[in-house]
Amino acid sequence: MVLPMIIIGAQWGDEGKGKIVDYLAKDCGMVVRFNGGNNAGHTVVYKGVKYPLSLLPSGVLWQKDLLIAQGVVVNPKILLEEIDFFQKKGCKISLTIDQRANIVMPYHQLLDSATEEAKGDKKVGSLKLGIGYCYEDRNNRHGIRLEDLVNPRIFKEKLHEEFILKKKRIESVFNYKVTTSEKEIYEEYVVYGKKLQRYIGDVSKIVAENSGKRKILFEGAHGTFLDGNFGTYPYTTAVNTISGSVFSYVGFPPQGLNVIGIVKAYTTRVGGGPFPSELNDRNGQLLQEIGLEFGTVSKRKRRCGWLDLPMLRLAHRLNGFTSLAITKLDVLSDLPEIKITDHYLVEGKRMTEFPSSLEIVSQAKPIHKTFAGWTENISKIRKFRDLPKNCQKYLTFIEKNLNIPIKYISVGAERSAIIEL
Ligand code: GDP
Ligand code: IMO
Ligand code: MG
């Protein structure tokens with residue numbers, strides 16, 4: 001029996017996970033999203049149409065069994081809109097959401113906005129969708145779970161307790177005005193609960209029942225350097241994003257997985273925080289423009305830089321990649337030369353792995369290897385040997401240096417624009 005697969009972003013998110021999940025979902029029985037909330041933005045492009053996703057697993061177009069595990073926090077309005085969008089496109093949605101999944105509430109969003117404002121220059125660049133505060137409540141046992149939302153009596157009680165606490169906090173600590181009433185929230189959310197009732201289930205149990213029988217694809221959101229513990233803390237999201245977290249977020253025992261690291265052929269990041277290989281020059285601007293590097297959810301311009309091997313070495317140590325998918329290689333075409341950050345210098349010392357201390361990261365001087373570019377359009381190429389020689393050299397260097405096989409090379413946003421090795 002083949003091992004379950006897991007998709008992990010190796011950088012700061014937006015590596016093209018959605019595209020690879022869609023590509024791989026064809027051969028899978030079920031796709032399980034296991035972390036994050038609607039701060040994730042995943043894009044699938046099929047036959048020229050762009051499908052944005054933030055909560056539904058990116059295998060949706062294949063009409064496979066879709067599961068949302070308890071590690072995900074659910075904004076019910078957004079999820080229902082996504083379901084509706086795909087149903088209107090004629091997709092049959094077979095979805096189960098774990099009963100334990102926590103619900104993102106309006107007061108979480110208010111707290112997020114108020115905190116970012118209070119932080120001033122030190123703001124994280126949060127999408128202010130309430131994701132961090134929903135995880136805070138979940139971890140501190142103040143959360144409202146899907147199983148509560150679908151039961152009007154319990155929901156009313158829990159909302160009452162939480163609303164009083166949150167209103168006090170928002171108004172007295174942040175001096176923000178809470179304009180929505182408890183009654184308004186109740187009336188809006190109880191309707192969401194009714195609509196989501198048909199999707200509630202025990203994802204942990206479903207995964208156990210199907211384990212070893214059907215091919216399971218676990219879809220991770222965000223990226224390794226946004227991991228709430230191992231990322232560039234505190235400039236991270238509030239959940240774990242590394243491969244090992246899948247076991248507790250879904251609820252199944254540690255076992256062998258095919259861990260596919262999704263690596264953009266260069267580096268991007270949205271929001272604040274350190275970025276050693278960032279390019280504040282014409283090359284950075286070119287990557288941003290050619291790569292259409294705008295946030296899927298936030299529409300903010302993504303910061304761009306060269307591919308950073310110290311980051312990928314740490315990502316590999318944390319995730320145990322069994323193979324890599326290199327995405328957006330086509331974006332590098334036409335650059336006269338391309339660089340890769342090979343290591344950093346910190347106070348004159350060579351450092352080959354991304355450091356954990358932000359103080360050290362801020363001192364890291366990236367040392368590059370330079371590669372000659374190529375001018376051919378590679379988006380229609382489907383075999384490695386047909387890629388321009390300089391492009392092959394770029395990929396071979398990455399593979400050899402990290403000692404991880406590259407299994408997929410994405411050369412365009414469209415589903416079919418991929419080379420499988
Ligand atoms: P995710 O969050 O990792 O799923 O990535 P996003 O969807 O937020 O951002 C990746 C963007 O790049 C999306 O607009 C994709 O359609 C697009 N994309 C994915 N793979 C490729 C590729 O190989 N080439 C190009 N040019 N675009 C790609
Ligand atoms: P996908 O799944 C890129 C970033 C935000 C911000 C920080 C905290 O599309 O790869 P939050 O809303 O969690 O409080 O924001 O994390 N961030 C992402 N950046 N891709 C993502 O997800 C992200 N999810 C969170 O920009 O800097
Ligand atoms: Mg994204």
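I started at Val270: one of its backbone N or O atoms lies 3.2 Å from an oxygen atom of ligand 2. This is a predicted model, so I'm reading distances off a prediction. Asp14 puts a backbone N or O atom 2.8 Å from a ligand oxygen, and a polar backbone atom of Gly41 is 2.9 Å from an oxygen of ligand 2.

Next I checked how covered ligand 2 is. On its own it exposes 550 Å², and the protein buries 96% of that. It sits in the largest pocket.

Then I looked at who surrounds it. I got 20 residues, with Asp14, Lys17, His42, His222 and Thr237 the closest. By type, the shell has seven nonpolar, ten polar and three charged residues. Domain 1 (5-88 + 204-420) and domain 2 (102-198) each give at least three residues to that shell.

On to ligand 1. Here I noted a backbone N or O atom of Gly16 at 2.8 Å from a ligand oxygen. Taken alone, ligand 1 exposes 580 Å², of which the protein buries 92%.

Which pocket does ligand 1 take up? I found that its space is the second largest pocket. Helix 1 (17-25) and strand 3 (42-46) are the elements giving two or more residues to its shell.

Last entry: 19 residues surround ligand 1, the closest being Lys17, Gly41, Thr43, Asp330 and Ser410. I sorted that shell into four nonpolar, eight polar and seven charged residues.

How values were computed:
Residues are numbered from 1 along each chain as its sequence is written. Chains are lettered from A and ligands numbered from 1 in the order in which they are written. This is a predicted model: local features need pLDDT of at least 70, side-chain atom pairs count only at pLDDT 80 or more; totals for chains, interfaces and linings use all residues. Side-chain values use heavy atoms; hydrogens and water are left out. A residue is near a molecule or strand if one of its heavy atoms lies within 4 Å of it. A polar contact is a pair of N or O atoms within 3.5 Å; within protein, one must be able to donate a hydrogen and the other to accept it, and residues adjacent in sequence count only if both atoms are side-chain atoms. Accessible areas come from the Shrake-Rupley method with a 1.4 Å probe; for residues, only the protein chains shown count as cover. On a 1 Å grid over the protein atoms alone, a cavity is a set of points where a 1.4 Å probe fits but cannot get out, and a pocket is an open set with protein on both sides within 12 Å along at least five of seven lines; lining residues have an atom within 4 Å of a point. A molecule sits in a cavity or pocket if more than half of its atoms lie within 2 Å of its grid points. Helices (H or I, at least four residues) and strands (E, at least two) are DSSP runs, numbered from the N terminus. Ala, Val, Leu, Ile, Met, Phe, Trp, Tyr, Cys and Pro count as nonpolar, Asp, Glu, Lys and Arg as charged, and the others, Gly among them, as polar. Domain bounds come from an automatic or database domain assignment.
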